[in-house]
Amino acid sequence: MANRHTIILMQTSHNRATRTFMDYDSINQAMDGICGLYERKLKDLNPAIRNITYDIADLYNFIDGLADMSALVYEHSIQAYLPNDRQWIKQRMFQHLKKLAHSK
């Protein structure tokens with residue numbers, strides 16, 4: 001489960017030119033990548049603030065505020081990518097962050 005190649009497809013606005021993708025070696029790395037994307041956006045919006053904090057609701061709002069976001073996760077048993085919607089991404093994000101919080 002940990003090493004399932006994951007491709008995040010996203011479109012930041014309704015302009016089709018904003019479509020992009022990011023690929024990762026695992027679902028966990030993809031969740032970290034989405035967090036990093038949000039953190040970079042926060043830093044761009046608040047350049048004077050050194051320590052920016054946010055909660056999961058803020059992260060969910062960021063994900064919901066994108067024109068589109070989905071994940072393609074490689075399934076070894078069928079040798080194909082399975083599509084997942086933004087609700088799945090939010091559920092996985094919650095599980096991922098909860099696991100990180102418990103490991104500290």
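Reply: Met 22 counts as buried because its relative accessibility is 16%, where buried means under 20% relative accessible area, exposed over 50% and partly exposed in between, with a 1.4 Å probe and protein chains only. The model is predicted, so local features need pLDDT of at least 70 and side-chain atom pairs count only at pLDDT 80 or more, while totals for chains, interfaces and linings use all residues. Residues are numbered from 1 along each chain as its sequence is written, and side-chain values use heavy atoms, with hydrogens and water left out.

Met 22 lies in strand β2 (strands are DSSP runs of E, at least two residues, and helices runs of H or I, at least four, numbered from the N terminus). Leaving aside residues up to four places away in sequence, Met 22 touches Thr 6, Ile 7, Ile 8, Met 10 and Leu 37, contact meaning heavy atoms within 4.5 Å.

The sheet is open and has 4 strands in the order β2-β1-β3-β4, with antiparallel pairing; two strands pair if DSSP finds at least two bridges between them. Strands β2 (19–24) and β4 (80–84) are the edges, each pairing on one side only.

Strand β3 (residues 68–75) is joined to β4 by 5 bridges, the two running antiparallel, and Ala 71 has Asn 84 in β4 as its bridge partner. Between Met 22 and Asn 84 there are 15 Å in space, C-alpha to C-alpha, and the two are 62 residues apart in sequence.
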